[in-house]
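Here's a quick walk through one model, written for someone who likes to know the cut-offs. Have the viewer open and follow along.

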Amino acid sequence: MGFFDKIKSAITKTTSALSHEIKRIVTRSPRLTGNSLEELEAALLGADLGLPMAQQIIAAVRAAYESQGRSGLDVFEIAAREVEKSLSSVSTALIRQTDGPTVVSLVGINGTGKTTTAAKLAHLIQGQGGIAVLAACDTFRAAAIEQLKLWGTRLNIPVVAGAYQADPAAVAHDAITAALARNATYLFIDTAGRLHTKHNLMQELAKVHRVMDRKLAGAPHEVLLVLDGSSGQNAINQAREFNKICKLTGLVITKLDGTSKGGVVVAIQRELGIPVKFIGVGEQPDDLQPFIARDFANALFEIRD
Ligand SMILES: Nc1nc2c(ncn2[C@@H]2O[C@H](COP(=O)(O)OP(=O)(O)O)[C@@H](O)[C@H]2O)c(=O)[nH]1
Ligand SMILES: [Mg+2]
């Protein structure tokens, strides 16, 4: 399956609800009255695209209707192009250091998919011929260390782990040493989940990052905030708070396979101006997709290029 088909099948819950609504509204009313445009807006909001994006789409649909009339008006196409336009201004490639390992820190609240995403990313890099190392810096929970070690065994990727309740900064420090020794291209740091509202925990994260930078200048080179795609508006608050503490370089939106609100990807990127770099579409190692704006926009509105 190519990227487009995979993402399309992963976000079916969102697209089928959305398309069904759009079709219903568009086929029922021969003229696009104010009423049907309002319904259209509600459908877009229902998919969590956010008010500014929904309004932009409605304005484009209205403008097209006024200039060309009802015949041949393709609401799906207009919406997809507006979404693509609003998404494609930022680079979504994973940062790559040319000298030494690229250190990627995965941050976020509990349960969003940090550990799984770290493993998936390491697997992706390894599949591309790179050398990946994983670091278990979530030392708050013994189970978290075990979880990453299991992934390491399953995917054949070395995992640097400290003891339960060890200082996460010390584990990160050791992991950089190990990554350098192994000539790794990427080191993925799995950090403990923390609520963005807990000041102490957020300061601890800042410290972990400072220690990395002292060990390897510029590290972490990439800080990815992992967000649960079904958490809606709250995801935006999380991103704002995390961005204050550690400059986020990208977002990973997970669990898009389980929600009908996949449009949140658009709302989040639009609101924050931080690129969505990957989307999580399942629990298996391959269920992580690099984010491609055009494909996502087309999949969202069930358009085939
Ligand atoms: N369906 C689905 N489940 C996911 C995805 N990413 C993570 N999960 C699941 O979400 C749960 C929490 O993931 P975990 O990586 O432990 O989250 P963490 O607390 O942020 O480290 C696990 O059961 C994962 O299998 C995804 O993209 N789709
Ligand atoms: Mg975890």
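Let's start with helix 9, whose buried residues are M202, L205, A206, V208, H209, V211 and M212. "Buried" here is under 20% relative accessible area, "exposed" is over 50%, and "partly exposed" is in between, with a 1.4 Å probe and protein chains only. Helices (H or I, at least four residues) and strands (E, at least two) are DSSP runs, numbered from the N terminus.

Before going further, the ground rules: this is a predicted model, where local features need pLDDT of at least 70, side-chain atom pairs count only at pLDDT 80 or more, and totals for chains, interfaces and linings use all residues. Residues are numbered from 1 along each chain as its sequence is written, chains are lettered from A and ligands numbered from 1 in the order in which they are written, and side-chain values use heavy atoms, with hydrogens and water left out.

**Helix 9 and its cover**

Helix 9 runs over residues 199-215, which is 17 residues. From first C-alpha to last it reaches 25 Å, close to the 24 Å expected at 1.5 Å a residue; that expected span is 1.5 Å times one less than the number of residues. An α-helix has 3.6 residues a turn, so residues three or four places apart point the same way. What covers the buried residues of helix 9? The cover includes strand 1 (102-107), helix 8 (168-181), strand 4 (186-191), strand 5 (222-228) and helix 10 (233-245), where contact means heavy atoms within 4.5 Å.

N200 also sits in helix 9, but it counts as exposed because its relative accessibility is 62%. N200 and L256 are 56 residues apart in sequence, and their C-alpha atoms are 31 Å apart in space.

Over in helix 10 you'll find Q238, which is buried at a relative accessible area of 2%. Leaving out residues up to four places away in sequence, Q238 touches I109, H196, L225, L227 and S231.

The loop between helix 9 and strand 5 holds P220, and the peptide bond from A219 to P220 is cis, with omega near -5°. H221 lies in the loop between helix 9 and strand 5 too. Is H221 buried or exposed? H221 counts as buried, because its relative accessibility is 12%. The side chain of H221 reaches the backbone nitrogen of V103 at 2.8 Å. That is a polar contact: a pair of N or O atoms within 3.5 Å where, within protein, one must be able to donate a hydrogen and the other to accept it, and residues adjacent in sequence count only if both atoms are side-chain atoms. Neighbours within four places aside, H221 is in contact with I95, Q97, P101, T102, V103, L216 and T249.

**Around the ligand**

Ligand 1 has 16 residues around it, and G111, K114, T116, D257 and E283 come nearest; a residue is near if one of its heavy atoms lies within 4 Å.

| Residue | Its N or O atom | Distance to a ligand 1 oxygen |
|---|---|---|
| G111 | backbone | 2.8 Å |
| K114 | side chain | 2.6 Å |
| V281 | backbone | 3.4 Å |

Taken alone, ligand 1 exposes 580 Å², and the protein buries 79% of that. These accessible areas come from the Shrake-Rupley method with a 1.4 Å probe; for residues, only the protein chains shown count as cover.

**Cysteines**

How many disulfides are there? The count comes to 0 disulfides, with a disulfide being a pair of cysteine sulfur atoms within 2.5 Å. C137 is in no disulfide, and the nearest cysteine sulfur, that of C246, is 14 Å away. C137 is buried at 3% relative accessibility, and C246 is buried at 4%.

**Loop details**

D48 has a positive phi of about 65° although it is not a glycine; look for D48 in the loop between helix 3 (34-46) and helix 4 (51-68). Q165, not a glycine either, has a positive phi of about 70°. Q165 lies in the loop between strand 3 (159-161) and helix 8, and counts as exposed at 58% relative accessibility.

Finally, D74 is in the loop between helix 4 and helix 5 (75-87), and is partly exposed with a relative accessible area of 38%. The side chain of D74 reaches the backbone nitrogen of F76 at 3.1 Å. D74 and V61 are 13 residues apart along the chain, with 8.6 Å between their C-alpha atoms.
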